[in-house]
Amino acid sequence: MAQKKLSEIAVGESARIMEVDSGFLAAKMADLGLFQGNDVAVIFKAPLGDPMAVSVGGTMISLRMDEAQLISVER
Amino acid sequence: MSNRRCKIAIIGNPNTGKSTVFNWLTGLNQKVGNFPGVTVDRKSGNFNFDGVEYEVIDLPGTYSIFSRSDEEKVVRDLLFNTTDKDFPDIVLYVADQTQWERNMLLFTQLYDLKLPLILVRTMADQPCPWKVSNHPIWKDRLIPMVAVNGRSGDGMDALKKAIHDFQDAVSLRNEIVAGDLVHLQDDPKNQVENTKQRYAWIKENFPRKNSLNSSTPAKSKLDQVLIHPIWGYAIFAFVLFIIFQFIFRFASWPMDAIDGFFIAISQEAKEILPEGPFTNLLSEGLIPGIGGVVTFVPQIAFLFFFLSILEETGYMSRVVFIMDKLVRPFGLNGKSVVPLMSSVACAIPGIMSARTISNGRDRLITILVAPLMSCSARIPVYTLLIALVVPDKLIGGWLDLKGLVLFAMYALGLIAALFMSVVFKWFLKSRPAGFMVMEIPSLKPPMFRQVLLTVWEKVRVFVWDAGKVIVALSVILWALASYGPNEKREQAVAAFQHPEAMNEQAQKDYDAKVNAVLLENSYIGILGHAIEPFIAPLGFDWKIGISIITSFAAREVFVGSMATIYSVGDDFDDNTHLLDKMRRDINQSTMQPTFNLASGMALMVFYVFAMQCLATFAIVQRETASWKWPMIQVVYMAVLAYMGAWLTYLLLI
């Protein structure tokens, strides 16, 4: 199964997080439940396609595209 | 009674109802200040239970003890420092029970720090999808658990009682145990590992109830509309329209009443007190100065009433979400939009509302450019000058030129704000850029108790914190406009013949003329003359110079100063008399009318850009906790105003 970036996942689809690029934002994302092994669903995107709203563990989180690009997922 | 514990800190994730709990506990007994060294609200309050005084601090919401923003650092620094004067005797950990897993992360960290904890479960009216009550950790450490309802206030008395009866089972007040949490502060990679382990522990220990297994929040019908490519923006525009309607229609009534009230007491003071410098200071300097502070209250109150409803309902995060991409190229983020739009009514609440921007750089840029948005105080200046210099003309047979010029002034302010954002983004690029990784809270009806408390808090912060600076500076401005070298003033007044026949009209004319020369020969008047060579390239004479200086207090003062200088007296309900005099005035150096199309437009452009507002200066000082930024703001705006006015004059002359 090919890995994709979370930014490439379409609205309404979900995927499992395989890896989050390390760094300052990775720790921030982990606080909210965005870390390896969790399932994430793309709920909607802003009218201009950016940012996107995802759901993980019952929480809705907004992510800019360049932030969603840090997250590798597998469908 | 034995050594009673009395300091309580409220900690929890954002959007959990932390502040609601705080407000129920303390009511109106609250104080707002800044934590030392940072511009993070320090809200404290107190309550009394059974004769014991409890001091409560509402700490900023955070998801983890690992800090990323100033708000989170405040929480971490306090909890890691047992000698801090605010170090709590009891920690109220507020957790939204419908978001249990995420809320437990910070809880486990506080638990490891061996803090004396009480668990407050909010959203008690909603089912909790996790099995939480039977876990041994509550018993082992005797952690009391209280369920509360922020809407009805149910459970708040039980909470006070739990605080009162609290028995500390760990008592490790002088010992921070969890070395891990301290050591990991600068190690994001291992923070992630630590967080993952904690989440695993939480999942294992608090299993989901089978009956409620739907885990992902679906896109709600309402959200479908609120972030819709057309409806989303249309609704936002409509909401702004409603807010501005309210502010422009209804804020002016209390504002006029406040103005009238302060004029009345200032006259009263003049009549009862003996004549002299002290009476003048009181009735002409101090009382109007205080009036100048209070007059902002209706606008601030109205705006925060609406803004906190938007915030409370969760609609604000939808606005941030749909606007973020649009404003990002300018160095702003989605959260800058509402502060900037609010500044069209008044920059003060706009700047105060920038507190919700957690990224320091984006917040600073927003504060610095907000006063460029054309606020309502500019309207009297625009109206007077447009009436004076813009001809009645329809362009293409239907577009009113006067309306077009007014629109152009608003557009110019907006363009300048966006342009300066880009400039500041470039200057401040060494500071960490903002991010949008944040929770979107679910939509819910607002709690009016919360809304009104927010309004009260904002008004109080403005009146007490910014008010002092405003009153002090406006008294200084008044003194400079009312005093001058005595000899010069006496000579100037003596030049007028006191009217022989004392009818009322003659006396009035005489008084108006005396006031005009007194202002001309005050310190500000002398300064106005002195800057004339400097502002002559913009087409301005000394009279405009004086008005620019006096209207640093507030833009609308320009109209009053013009009335004094052109000695039309102070009954300027109707501007026709003033307009007439201004229209006929001839600039002594150019021999042109003082107010022609070029100089009038230049002056309007000047007012688009120049700061010209003491209250804004004071609130920026308060909100950035520095004198440096408001100074930089005044200077950059003055440079912009000068250049803008000069270019306009050159183009139109």
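1. An open sheet of seven strands runs in the order β1(A)-β6(A)-β2(A)-β3(A)-β4(A)-β5(A)-β10(B), with antiparallel pairing. Strands are DSSP runs of E with at least two residues, helices are runs of H or I with at least four, and both are numbered from the N terminus. Two strands are taken to pair if DSSP finds at least two bridges between them. The edge strands are β1 (3-5) of chain A and β10 (438-439) of chain B, and each pairs on one side only. Strand β5 (residues 59-63) of chain A is joined to β10(B) by two bridges in the antiparallel sense. Within this pairing, A:S62 stands opposite B:M438.

2. The model is predicted: local features need pLDDT of at least 70 and side-chain atom pairs count only at pLDDT 80 or more, whereas totals for chains, interfaces and linings use all residues. Residues are numbered from 1 along each chain as its sequence is written, chains are lettered from A and ligands numbered from 1 in the order in which they are written, and side-chain values use heavy atoms, with hydrogens and water left out.

3. Some overall values for chain B follow. Its secondary structure comes to 29 helices and 10 strands. The C-alpha atoms of chain B fill a box of roughly 95 × 65 × 40 Å along the principal axes. Of the 653 residues in chain B, 53% are buried; buried means under 20% relative accessible area, exposed over 50%, and partly exposed in between, with a 1.4 Å probe and protein chains only. Contact means heavy atoms within 4.5 Å. Among the contacts in chain B with a separation of 6 or more, 74% are between residues 24 or more positions apart.

4. Chain B also holds an open sheet of seven strands, in the order β2-β3-β4-β1-β5-β6-β7, and its pairing is mixed. Strands β2 (30-34) and β7 (145-147) of chain B stand at the edges with a single partner strand each, so one side of each is left without a neighbour in the sheet. Direction ignored, neighbouring strands of this sheet are turned by 25 degrees against each other on average. Helix α1 (residues 18-26) of chain B packs on the sheet and touches β1, β2, β3 (41-49), β4, β5 and β6 of chain B. The direction of α1 makes about 40 degrees with that of β3(B). Here axes are lines fitted to C-alpha atoms, for helices over the stretch in contact, and angles run from 0 to 180 degrees between N-to-C directions.

5. Two hairpins belong to this sheet. Strands β2(B) and β3(B) run antiparallel and are joined by five bridges, with B:R42 as the bridge partner of B:G33. Six residues lie between β2(B) and β3(B), and B:G37 in the turn has a positive phi of about 85 degrees. Strands β3(B) and β4(B) pair in the antiparallel sense over seven bridges, and B:F47 has B:Y54 as its bridge partner. In this hairpin two residues lie between the strands, and B:D50 in the turn has a positive phi of about 55 degrees.

6. The parallel pairings involve β1(B), among other strands. Strand β1 (residues 7-12) of chain B is mostly covered, as five of its six residues are buried. Four bridges join β1(B) to the parallel strand β4 (residues 52-58) of chain B, where B:K7 stands opposite B:E55. Five bridges link β1(B) in the parallel sense to strand β5 (residues 90-96) of chain B, with B:A9 opposite B:V91. Strand β6 (residues 117-122) of chain B pairs in parallel with β7(B) over three bridges, and B:L119 stands opposite B:M145.

7. Helix α20 (residues 486-494) and helix α21 (residues 504-520) of chain B pack at an angle of about 150 degrees, with their axes 9 Å apart. That makes α20(B) roughly antiparallel to α21(B); angles under 35 degrees count as roughly parallel, over 145 as roughly antiparallel, 65 to 115 as roughly perpendicular and the rest as oblique. The contact is made by B:R489, B:A492 and B:V493 of α20(B) with B:Y510, B:V514, B:V517 and B:L518 of α21(B).

8. A disulfide is a pair of cysteine sulfur atoms within 2.5 Å, and by this rule the count over all chains is zero. B:C375 is in no disulfide; its nearest cysteine sulfur, that of B:C346, is 6.3 Å away. B:C375 is buried, with a relative accessible area of 6%. The sulfur of B:C613 is 6.6 Å from the closest cysteine sulfur, in B:C375, too far for a bond. B:C613 also counts as buried, at 7% relative accessibility.
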